[in-house]
Amino acid sequence: MTQKPAYLAVDCSLTLAEGLEEFAAADPGLLPPGDGALREFIRAHDACHVLFGLGTSVEDEAVADTWTIFGSDVGLRRYASYLAHPEIAGIIKQIGGWRMTVGTARALPRVLRAIARARRMRAPWPFFAYAQALDVPIAALRRRYGVRPV
């Protein structure tokens, strides 16, 4: 049985940087090579996974997308523009429409809880400014922004 990543624990003492390392190690190849806007978007999205305590299953992706849209400062239009990028669209196509639909339906109760909890956050998570918090423990960030993982 595989041990759950430490960043999933509500009171995680890892820093955001350590949580991101653990997140990346659990699923190598998520971050495209090189640099640029798409890579930075994916890294910021990964920081949301860590902050909100989510893995990379289809269900967790649905919750992460929802919580990011409602609980960060990225905004729906800007977020959607990145999701339309050919590389991201290719990943979505590879997963498959049926699997995405079923996974999102299974996640619906958690998606609704994420919306409610995002509305109660103390402040929106600074999506692209996540790097300013890399040295801060995840538990402290969750307290600061009022994040209670679903």
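Threonine 66 counts as buried because its relative accessible area is 14%; the cut-offs are under 20% for buried, over 50% for exposed, and partly exposed in between, using a 1.4 Å probe and protein chains only.

Before going further, a word on what you're looking at: this is a predicted model, where local features need pLDDT of at least 70 and side-chain atom pairs count only at pLDDT 80 or more, while totals for chains, interfaces and linings use all residues. Residues are numbered from 1 along each chain as its sequence is written, and side-chain values use heavy atoms, with hydrogens and water left out.

Now zoom out. The chain has 7 helices and 0 strands; both are DSSP runs numbered from the N terminus, with helices being H or I of at least four residues and strands E of at least two. Of the chain's 150 residues, 39% are buried. Among contacts between residues at least 6 apart in sequence, 73% join residues at least 24 apart.

What holds the middle of the picture? In soluble globular proteins, nonpolar side chains tend to be buried together. Here, the largest nonpolar core has 37 residues, and those with the most contacts inside it include Leu16, Phe52 and Trp67. Such a core is a set of buried Ala, Val, Leu, Ile, Met, Phe, Trp, Tyr and Cys residues joined through side-chain atoms within 4.5 Å. Helix α2 gives the most to this core, with 9 residues. As for leucine 16, its contacts beyond four places in sequence include Ala47, Val50, Trp125 and Leu141.

Helix α2 also holds arginine 43. That arginine has 24% relative accessibility, so it counts as partly exposed. Arginine 43 and serine 72 lie 29 residues apart in sequence and 14 Å apart in space, C-alpha to C-alpha.

Finally, have a look at the lining of the largest pocket: it divides into 13 nonpolar, 7 polar and 5 charged residues. Ala, Val, Leu, Ile, Met, Phe, Trp, Tyr, Cys and Pro count as nonpolar, Asp, Glu, Lys and Arg as charged, and the others, Gly among them, as polar.

Key: Contact = heavy atoms within 4.5 Å.
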